[in-house]
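Morning, everyone. Please have the sequence and the model open while I talk.

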Amino acid sequence: MARQYHGLSLNELANSIEKSRQYIHQLETGRTEPTEQTIKLLADTLKVLPSFFCTSGQTYFAEEQFHFRKNVTTKVVYKQTVKARGEFFERIVKFIDEKLNLPEVDFPSIDVETNEEIEKAAEKTRSHWDLGMGPISNMVRVVENAGAVVTYFDGVSTSVDALSITAKRPIIIRNDSKQSPYRLRFDLAHETGHLIMHEGQVTGDRLTELQANRFASAFLMPRTTFSKDFMMFGNRGSRISWQGLSDIKLKWKVSKAAILYRAKDLNLIDSDQYRSAIIGLKKRGEGIVESEDHFIEKEKYELLNNAFACLDQYYQIKANEFAEFFKVKSDFFSVLVDIPKNRPKLQLVGN
């Protein structure tokens with residue numbers, strides 16, 4: 001798990017401690033015992049304490065508990081890395097949950113099959129969380145208020161956009177290498193769709209990914225209110241208004257590409273108009289980074305920062321002590337979560 005957490009192959013770990021790939025594999029499968037010197041080398045390389053390798057009683061998630069937002073060409077090693085980090089992050093969340101009163105978990109579970117059922121699932125979720133049908137100002141806060149814990153992972157291929165874990169307390173992990181704050185918001189809505197619609201299902205196939213995308217679109221851009229805005233500002237007869245798209249984007253905080261896709265799904269534009277608009281977007285140099293992307297900052301997780309502040313304030317648990325509890329070194333979690341070294345200022349944020 002620690003090897004996969006750091007994205008190391010068997011060969012890479014073996015080379016780093018001057019051992020063979022076969023020897024590392026035998027260690028991992030319990031077919032041989034390491035010497036004390038090897039344990040120290042492994043611990044130093046993997047940023048854990050030697051006692052880490054002696055821990056027992058850990059449980060691991062089943063395949064259907066992981067929901068990946070990834071490309072079809074994503075390499076297995078990246079998937080393994082993200083899963084390993086998700087496993088370790090869940091242990092952090094469990095530790096915090098045992099000591100603090102976090103928001104009650106309030107994710108509805110809704111079965112869907114048709115596109116219409118997905119639309120209604122998004123509308124029911126908005127109603128359940130009392131969000132109305134207007135633009136959502138902060139997606140991180142929405143899912144954190146519903147009891148999920150959000151964090152970011154770093155140093156992993158951009159082919160993995162995000163990950164959600166169906167656990168006692170839902171977890172959403174985003175890839176912080178993505179530049180657009182609008183697309184990051186969509187990732188959160190996508191993972192929310194998995195947590196609500198796909199509990200107990202193995203996801204990652206074309207159908208479940210399309211369903212989660214549809215949910216994200218419907219959740220961020222409810223059909224009744226969004227359609228009015230698009231027909232008023234985005235569509236000028238048979239032509240797309242780029243200024244109108246920009247205005248809609250800034251209001252609803254979604255990418256122009258997502259707006260166009262949503263408009264096509266709702267039959268506000270036809271397939272030819274959609275293709276033409278996407279080509280036009282690329283010609284304008286906005287195929288990946290759009291011109292308005294700098295107008296809002298990336299949404300930051302708040303629940304986790306406040307939890308660490310409370311652990312420090314009420315339990316006097318510092319970063320080093322926190323790491324020692326998990327039998328790792330203080331910089332082990334740096335790729336997954338920023339654990340303050342000094343007492344942070346406690347932020348109390350409302351809805």
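This is a predicted model: local features need pLDDT of at least 70, side-chain atom pairs count only at pLDDT 80 or more; totals for chains, interfaces and linings use all residues.

Residues are numbered from 1 along each chain as its sequence is written, and side-chain values use heavy atoms, leaving out hydrogens and water.

First, the helix pair. Helix α6 spans residues 115–128 and helix α9 spans residues 206–220. Their axes come within 9 Å and cross at roughly 45 degrees. That makes α6 oblique to α9. The crossing is right-handed.

Who makes the contact (heavy atoms within 4.5 Å)? From α6, Asn-115, Ile-118, Glu-119, Ala-121, Ala-122, Thr-125 and Arg-126. From α9, Gln-211, Arg-214, Phe-215, Ala-218, Phe-219 and Leu-220. Seven of these contact residues are nonpolar, three polar and three charged.

Stay on α9. Ser-217 is found in this helix. Is Ser-217 buried or exposed? Buried, at 4% relative accessibility; the cut-off for buried is under 20% relative accessible area, with a 1.4 Å probe and protein chains only. Leaving aside neighbours within four places in sequence, Ser-217 is in contact with Phe-186 and Arg-262.

Now the core. The largest nonpolar core has 94 residues. Such a core is a set of buried Ala, Val, Leu, Ile, Met, Phe, Trp, Tyr and Cys residues joined through side-chain atoms within 4.5 Å. Helix α5, residues 76–99, gives the largest share, eight residues. Ile-96 and Phe-230 have the most contacts inside the core. Beyond four places in sequence, Ile-96 is in contact with Leu-102, Leu-304, Ala-307, Phe-308 and Leu-311.

How values were computed: Axes are lines fitted to C-alpha atoms, for helices over the stretch in contact, and angles run from 0 to 180 degrees between N-to-C directions. Helices (H or I, at least four residues) and strands (E, at least two) are DSSP runs, numbered from the N terminus. Angles under 35 degrees count as roughly parallel, over 145 as roughly antiparallel, 65 to 115 as roughly perpendicular and the rest as oblique. A crossing is left-handed if the near helix is turned anticlockwise from the far one by less than a right angle, and right-handed if clockwise. Contact means heavy atoms within 4.5 Å. Ala, Val, Leu, Ile, Met, Phe, Trp, Tyr, Cys and Pro count as nonpolar, Asp, Glu, Lys and Arg as charged, and the others, Gly among them, as polar. Buried means under 20% relative accessible area, exposed over 50%, partly exposed in between (1.4 Å probe, protein chains only).
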